Amino acid sequence: MQVRIATFTVQKRFALTISRGTTAQTTNVWVEVEHEGIQGWGEASPFSIGEVSQTTEMIARSLQKFVPLLKSLSPLESQRIERLMLDARLPSAAGAALDVALHDWVGKQTNLPLWQLWGLECDRIQPTSVTIGISAPEAAQQRVKDWLGKGDTTVPFHGIQALKVKLGSPLGIEADQVMMLAIKETAPHISQVSVDANGGWNLTEALYMADWLAEQGVTYLEQPLAKGQEGDLLELYQRSPLPIFVDESCFTSYDILPLADRVHGINIKLMKSGGLTEALRMIHTAKACGLKVMFGCYSDSALLNTALSHLSPLADHIDLDSHLNLINDPFAGASFQNGRIVPTHQPGLGVHRYLDEKKRAS
């Protein structure tokens with residue numbers, strides 16, 4: 001098979017601030033696998049968690065070095081390809097781009113969407129949350145209005161049912177509380193509100209905020225403590241009135257068992273897991289441990305979020321909103337229906353490029 005690699009830059013309509021910093025644009029990597037006249041597409045987006053940093057340059061360089069190993073192989077040789085990726089220690093984001101492209105190829109080759117290949121039911125997909133980044137109370141209120149189509153925006157998303165609020169402000173938990181109350185005041189009708197601190201609290205702060213957020217009707221708390229503080233999760237788990245999910249603390253299925261006695265659920269992201277193959281393993285491992293599963297994203301385009309949407313019938317919580325906040329997403333795929341990200345009935349991922357649509361129209 002042949003593999004082509006290119007980069008593309010996407011800008012956010014609204015910059016997103018979390019406890020670790022602010023992102024306004026990213027340059028992602030597009031991977032195209034071709035074999036027997038069929039093309040499969042994948043994507044990688046850069047991310048950084050503590051000492052783990054996978055840049056665009058690192059991802060592209062590692063793929064360029066690796067793809068010659070695939071020249072004599074077929075996309076159907078998934079076990080051999082996965083072993084080659086492991087032996088080459090391919091960064092997880094690079095592996096994810098290839099893995100997604102190979103899944104897309106198989107779906108197109110069989111003329112079936114991935115969710116149907118897996119025997120899943122799209123009517124089981126939960127609503128996606130939309131994210132409110134760390135900001136001043138007034139700015140947070142405006143962002144809620146923008147999402148709900150009540151502000152000065154050209155992209156209203158009717159049917160939003162869930163909000164995800166980023167806390168862990170550098171200004172402290174008092175700033176977190178003021179922002180949270182402002183959001184509740186703006187959207188009292190949204191009953192599903194979760195909080196993600198991105199590791200921005202210590203144990204004392206997390207214990208206090210878990211109690212306070214429970215009083216505010218928050219549904220669950222994501223990554224309250226920083227990666228590396230998993231030992232403190234046990235006390236928080238035992239004392240928190242809210243379910244505790246981890247994101248930065250859990251990359252692959254190997255991370256799940258050591259966390260199973262101190263969290264209620266895990267956040268699966270394709271860039272961390274290394275693709276759909278490992279994401280499916282993580283789902284089964286987590287559920288075997290009695291844990292809930294949520295899906296998340298980085299600065300991913302519609303290509304990646306569509307890919308994960310095919311597994312969404314297996315998830316308890318969904319946070320696949322990054323592409324909804326892009327002003328120049330080159331891809332389109334899964335649709336936004338009554339607050340849910342729903343894949344199409346098209347073969348493979350069911351993703352197309354806007355450029356291709358313009359060419360056909362002309």
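This is a predicted model: local features need pLDDT of at least 70, side-chain atom pairs count only at pLDDT 80 or more; totals for chains, interfaces and linings use all residues.
Three strands make up an open sheet, ordered S1-S2-S3, and they pair in the antiparallel sense. Who stands at the edges? Strand S1, residues 2-18, and strand S3, residues 38-44. Each has a single partner strand, so one side of each is left without a neighbour in the sheet. On average, neighbouring strands here are turned by 20° against each other, direction ignored.

Now the S1 and S2 pairing. S2 covers residues 21-35, and its antiparallel pairing with S1 runs over 13 bridges. Helix H1, residues 56-66, lies across S1, S2 and S3 and runs at about 15° to S2.

Keep Phe8 in mind. We move to the aromatics. How many aromatic pairs does a search of the whole structure find? Seven. One of them is Phe8 with Phe331. The ring centres are 5.5 Å apart and the planes stand at 75°, so this pair is edge-to-face. The cut-off for that class is over 60 degrees. Phe8 sits in strand S1, while Phe331 sits in strand S14, residues 331-332. The pair therefore ties together parts that are 323 residues apart in sequence. Both Phe8 and Phe331 are buried.

Next, a stacked pair. Phe47 and Tyr298 lie 4.9 Å centre to centre, with 10° between the planes. Where are they in the chain? Phe47 is in strand S4, residues 47-49. Tyr298 is in the loop between strand S12 (292-295) and helix H12 (302-309). So this pair ties together parts that are 251 residues apart in sequence.

Are these two buried or exposed? The cut-off for buried is under 20% relative accessible area. Phe47 has 6% relative accessibility, so Phe47 counts as buried. Tyr298 has 16%, so Tyr298 counts as buried too.

There is also a cluster. Phe8, Trp30, Trp41 and Phe331 are linked by ring pairs. And two lysines deserve a look. Lys108 has its charged end over the ring of Trp41, 5.1 Å from the ring centre. Lys269 lies over the face of Tyr298, at 4.1 Å from the ring centre.

On to the parallel sheet. Eight strands form an open sheet in the order S6-S7-S8-S9-S10-S11-S12-S13, and the pairing is parallel. Strand S6 (129-132) and strand S13 (317-318) are the edge strands. Each has a single partner strand, so one side of each lacks a neighbour in the sheet.

Follow S7 for a moment. With S6, S7 pairs in the parallel sense over four bridges. Thr131 stands opposite Lys164 in S7. On the S8 side, S7 (residues 162-166) pairs with S8 (residues 192-196) over five bridges, again parallel. Ala162 stands opposite Gln192 in S8, and Val165 stands opposite Val195 in S8.

How many residues of S7 are buried? Five of its five. In a regular strand, side chains alternate between the two faces of the sheet. In S7, Ala162, Lys164 and Lys166 are on one side. Leu163 and Val165 are on the other. Both faces are covered, and note that two lysines, Lys164 and Lys166, are among the buried residues.

Helix H11, residues 276-288, touches strand S11 (265-268) and S12. The direction of H11 makes about 175° with that of S11.

Last stop: helix H8, residues 230-239. Which residues are buried here? Glu230, Leu233 and Leu236. Viewed down the axis of H8, the buried residues fall within an arc of 85°, so they line one face of the helix. Gly231, Gln238 and Arg239 are exposed, on the other side of H8. What do the buried residues pack against? Helix H7 (203-215), strand S10 (244-246) and helix H9 (256-259). S10 brings us back to the eight-stranded sheet, where S10 sits between S9 and S11 in the order.

Key. Residues are numbered from 1 along each chain as its sequence is written. Side-chain values use heavy atoms; hydrogens and water are left out. Buried means under 20% relative accessible area, exposed over 50%, partly exposed in between (1.4 Å probe, protein chains only). The arc is that of the directions from the helix axis to the C-beta atoms. Contact means heavy atoms within 4.5 Å. Two strands pair if DSSP finds at least two bridges between them. Axes are lines fitted to C-alpha atoms, for helices over the stretch in contact, and angles run from 0 to 180 degrees between N-to-C directions. Rings of Phe, Tyr and Trp (its six-membered ring) pair if their centres lie within 6.5 Å; planes under 30 degrees apart count as stacked, over 60 as edge-to-face and the rest as tilted. A charge sits over a ring if NZ of Lys or CZ of Arg is within 6 Å of the ring centre and within 35 degrees of the ring normal.
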